[in-house]
Structure formats: C-alpha cells, structure tokens
Amino acid sequence: MEKEEERDMKFNTPGHAPIQAQTTPNAITHEGAPSFKFDSIMELYMAVATTLMGEPKFYESGDERAKRIRRLISKAVQAGETETVAKLAVYCRETLNLRSVPIFITVSLAKEMRDQKVEWDGLRRLANRVIQRADEVREMFAAAEQIFGDAGNNKVFKRIVPKALLKGIGDSLNKFDEYQISKYKGGAGAVSFKDVLRVVHPKPANDSKGILFAKIMNDTLTPADTWENQISNGGSTSENWQSVADDKKVGIMAKLRNLRNFVKHNVDLTNVIAHLTNPVAVQNSKQLPFRWYTAYRELGGQGLKSGGWYYRAPTPEVVAPANLLGALEDAFDLSIANLPDLGDDVLIIADQSGSMQSPISQKSTVTCAEIAAVLATGVWYNQTRLGKRAFVAGFADRGKVYSWSNRTSALAAAKDMMNTELGGSTRIDTAWAAAKAAGLKPSTIIVLSDMQMTGHGRYDTLMNPEAYGLADANVHKLSVNLQGYDNSPLAVNNGWYQLTGWSEKIFSFVEAMRNPGDAINQIKNSVQL
C-alpha cells in the first residue's frame with residue numbers, strides 16, 4: 001500500500017509582487033512553447049507546493065529542486081519577504097498537509113536570516129507552529145543539523161543555530177503527551193527525543209510535562225499501545241493482523257494503509273469492508289478521492305494501462321479479492337462528497353500528454369496523468385451529484401470532450417479518461433478547439449497539467465481560451481501546476497489564477513479566486529502568524 005504523502009520523513013536518517021506585469025511571454029517551456037517566467041516569490045510557491053523532499057520531477061532532479069528552493073528563499077529574504085516565506089511554510093503544512101517541505105522552508109529561512117543578518121521576531125512561533133506531530137520535533141532538529149552543519153559538538157551547534165529556532169522546537173514538545181512521544185520515539189532516525197532535549201532544554205508547561213521530559217531523559221516512557229506495537233511485539237501473523245482488522249479503535253486510514261497486509265495474511269475482511277464503505281466514516285476521515293484510488297491501484301485495481309515508450313503498468317505485489325476492490329470503488333465515490341461545490345458550467349481540462357505519465361514520486365506507481373483524471377472526474381461527479389453542470393476535456397496531440405451518463409461512477413469515468421489515447425504532445429489549443437466544437441460556455445475553467453506545453457506559434461491563439469470564445473472577463477480561470485516547474489504558459493498576467501499541487505484541497509481556492517489577486521496574495525492575507 002502506498003504510504004500517505006510525506007509520511008516518511010526525509011531529514012532524520014542514519015521582488016515583492018507575485019508576478020511582474022508584462023504583456024508578452026519571457027520564457028519557454030521544456031517543450032518549446034511561449035511561457036512566463038515567475039518572479040522569485042511566485043517561483044518559490046510553485047516549487048515547494050509540489051515537492052516531496054528528495055523526489056525527482058520529470059524534468060528536474062530532487063537535489064536540484066532543494067537547491068533551487070534554498071536559492072529562492074535567499075532571494076525572498078533579500079527582497080524583504082521573510083514573513084511571506086514564513087506564511088508559505090504554514091500554508092504548506094496546514095492547507096496542503098505537507099510535512100517535510102515546511103520543515104525545510106522553516107530551517108532554510110532561519111539559515112538565511114542568520115547569514116543575511118535579518119531580524120524577524122516570528123521565527124520561534126513559526127517553528128512551533130510547523131511542528132504538528134511528535135516525530136516532526138526530531139525531524140526539524142535533524143534538518144537543522146543538516147542545513148547548518150552538524151559540528152558534532154552541542155555547544156558549537158547551539159552557537160550557530162538561531163536561538164529562536166531551537167526555542168521554537170523546544171516549545172513544540174509541550175504539545176505532546178506521553179502516548180504521542182512514545183509512539184514516535186522509534187524509527188531509524190539518527191536524532192532521538194533525548195538528543196533534542198539535551199540541546200534545546202525546553203521549559204515544561206506544567207508539572208506533568210516536567211515528568212514527561214524526565215521520562216524521555218531516563219528512557220522510562222510507557223510503551224504506546226498501538227497496532228504497530230502489537231504487530232512488532234506479537235509478530236506479523238494472520239492472527240495479529242485479524243485483530244488489527246477487527247479493532248474498532250484503529251482508524252479507517254490505518255486500515256486503508258494495511259490492506260495489503262490483510263490480503264497477504266488471508267484476513268477475514270468483513271469488518272474492514274464495512275468500515276471502508278461506511279459513508280460517515282469515509283467523510284469523517286477527510287480523505288479525498290486520490291487516497292482511495294491509490295489503494296485501489298496498488299491492490300490490482302485497473303488504473304492507467306501500459307502504453308507507448310514512456311509507461312509500463314506495474315505488477316501488484318498482491319491482488320485483492322473482488323469484494324475488497326468493490327468496497328474501494330464505493331469508498332472512492334463516497335469520498336467525493338468532501339469536495340466543494342464549484343457552481344454551474346465548470347470545465348475541467350486535463351493534460352494527457354507523455355510527460356504526465358511520470359510517477360508522482362519514486363515510491364509510487366501512480367502517475368500525474370492518473371492524478372489529473374481522478375481530480376477532473378471527481379469534480380465532474382460531484383457537480384453532477386449536486387445537480388450542476390460540469391464538463392471534462394483532455395488534450396495531448398488531440399483534444400477531446402468526454403461524455404458520461406449520470407449512471408457512470410467517478411472511478412469508471414476516471415479510468416475511461418486515463419486510458420483514452422490522445423497522443424504524446426502537450427497541445428492545449430486542441431482542448432480549446434474541442435470545447436468550442438462542443439458548444440461549451442463555461443463559467444469556470446480549471447486546467448490540470450505540468451504546464452510544459454508544446455507550441456511554437458502565436459501565444460494568443462495557443463494558450464488563451466478567449467481566442468476560441470470560451471472565456472471573457474467574467475470567466476474564472478484556474479491554472480493548476482501539477483509539477484511546480486518555474487514557468488507556466490497560463491500566467492496571472494492573462495487572467496489565470498495560479499495554484500500548484502495535486503491535493504484535492506486545491507478546489508477550495510476556486511471561491512477565493514473570485515476575488516482579485518493570486519495564490520501568493522491569498523496566502524499573505526489569510527495566514528496569520
């Protein structure tokens with residue numbers, strides 16, 4: 001089962017305007033189309049919102065991405081945007097639910113503040129706020145060792161790391177109880193809670209925290225009663241996995257992540273299936289369609305088929321029984337109720353080109369093309385369920401407007417879409433042409449792509465739906481960059497609202513984009529430090 005995004009931590013191991021107002025493109029995409037280069041603040045946002053630390057992108061290695069983020073943070077601090085960078089870290093943690101990236105931003109910001117001798121009184125609060133799970137205490141400390149350089153001497157380390165960062169890490173320890181600390185004290189990380197306490201010397205918020213900190217230092221923490229410990233202590237046996245499957249205290253996402261173990265150990269799935277198909281449980285889990293699709297895909301459910309030179313469908317390690325795959329299909333459709341209502345006449349356009357066949361990370365077999373299809377059909381299904389009109393189009397060498405009946409499930413529509421061959425190029429103008437031919441009059445246009453469009457002609461006819469009669473000043477246009485490269489042909493300059501990332505949470509910004517501004521301004525205005 002693919003792990004939840006950012007679940008494996010990566011460190012703890014043995015100009016002011018968002019975009020300069022110019023009227024002509026000043027860059028080209030990797031495929032040669034006219035494009036707009038972002039300024040450093042917007043480029044930083046585009047880079048971090050899709051970054052899994054250490055994971056390569058289709059056109060960019062993970063190390064290059066990390067170096068670019070560090071350079072952009074340095075430029076932002078030089079430009080007087082220290083607080084904007086801090087707000088971006090909070091946005092990545094609390095809105096996009098990323099974990100390693102906001103830690104990387106926070107520690108890198110602290111490094112730049114020290115190197116550039118910049119004063120800002122919010123660093124301590126920022127570090128404390130970004131740490132929202134107990135293991136992130138260790139993670140941020142380990143990131144500081146890497147980014148500032150671990151001198152191997154605590155006294156030296158404390159001199160080179162800003163005190164505000166260390167105090168913020170120490171403050172965060174008061175958030176967690178003994179169960180949480182004990183639950184996350186293990187792992188292969190080089191930094192332990194004891195190592196952190198020796199350096200940051202946190203002030204306990206009360207007597208019980210003082211007792212807890214003493215237990216950490218004395219190695220006398222009570223072992224956490226978790227399913228992980230049950231398996232670790234009792235062994236990975238069918239009996240123990242059956243106990244996990246039937247335990248009502250184990251959350252729906254823990255069961256989802258362990259489906260492979262359940263199948264592998266021939267567990268009776270009756271209670272698991274009942275849990276996965278409980279509408280209240282699915283909605284309360286706040287997990288949206290992508291998570292359910294990933295589980296379905298990794299257990300042998302049909303996703304993107306092999307095609308061309310660029311993609312070969314993986315062979316699953318285990319194949320789930322039909323009733324479990326059916327339950328995941330049901331849960332996928334149930335989870336769509338968590339998507340927001342985007343109004344009438346929404347047109348979602350998904351990139352189905354060759355570069356979209358790359359996996360979202362090295363640990364995943366799920367591709368950007370699958371993400372785009374899941375997001376697009378999820379919106380279509382939800383709007384249809386609400387009695388609204390929504391349309392989906394795809395593009396590559398050719399454009400296509402899809403047509404599904406109201407009896408088609410969201411997952412069936414997604415599979416139909418991702419396995420429709422439209423060629424390998426990235427010609428978004430074919431989608432405009434197909435939508436025009438279909439007589440569509442959208443009120444909102446959402447484009448899901450890595451934004452590396454193909455094209456060598458006139459910008460105004462290639463990239464603009466206005467040229468096809470699909471948009472005017474009243475149409476809201478949302479550009480969702482699924483890979484976060486440093487340029488986009490769909491620019492704010494031409495009325496596109498820029499977002500980056502592939503979380504279903506991106507659709508919560510559709511309402512925000514009805515107001516002037518872009519994502520950076522929204523982050524500046526909405527995040528309070």
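Is Asp115 buried, partly exposed or exposed, and what is its relative accessible area? In this predicted model, Asp115 is partly exposed, with a relative accessible area of 36%.

## Asp115 and its partner

The side chain of Asp115 meets that of Arg114 in a salt bridge, with 2.9 Å from N to O. Arg114 also counts as partly exposed, at 35% relative accessibility. Side chains of opposite charge can pair when their charged atoms come close.

## Helix H5 and its surroundings

Helix H5 covers residues 123–130, and its buried residues are Leu123, Leu126, Ala127 and Val130. Seen down the axis of H5, these buried residues fall within an arc of 95°, so they line one face of the helix. An α-helix has 3.6 residues a turn, so residues three or four places apart point the same way.

What covers the buried residues of H5 includes helix H3 (82–94) and helix H4 (100–116), together with helix H6 (135–148) and helix H8 (163–172).

## Other salt bridges

Across the whole structure, a search finds 22 salt bridges. One of them joins the side chains of Arg297 and Glu370, at 2.6 Å from N to O. Arg297 belongs to helix H18 (residues 289–298) and Glu370 to helix H20 (residues 368–385), so the pair ties together parts that are 73 residues apart in sequence. Both Arg297 and Glu370 are buried.

Another salt bridge links Asp429 with Arg427, whose closest N and O atoms are 2.7 Å apart. Here Asp429 is buried, with a relative accessible area of 9%, whereas Arg427 counts as partly exposed at 35% relative accessibility. Elsewhere, salt bridges that share partners join Arg93, Arg99, Arg133, Asp135 and Glu136 into one network.

Terms used
Residues are numbered from 1 along each chain as its sequence is written. This is a predicted model: local features need pLDDT of at least 70, side-chain atom pairs count only at pLDDT 80 or more; totals for chains, interfaces and linings use all residues. Side-chain values use heavy atoms; hydrogens and water are left out. Buried means under 20% relative accessible area, exposed over 50%, partly exposed in between (1.4 Å probe, protein chains only). Helices (H or I, at least four residues) and strands (E, at least two) are DSSP runs, numbered from the N terminus. The arc is that of the directions from the helix axis to the C-beta atoms. Contact means heavy atoms within 4.5 Å. A salt bridge is a side-chain nitrogen of Lys or Arg within 4 Å of a carboxyl oxygen of Asp or Glu.
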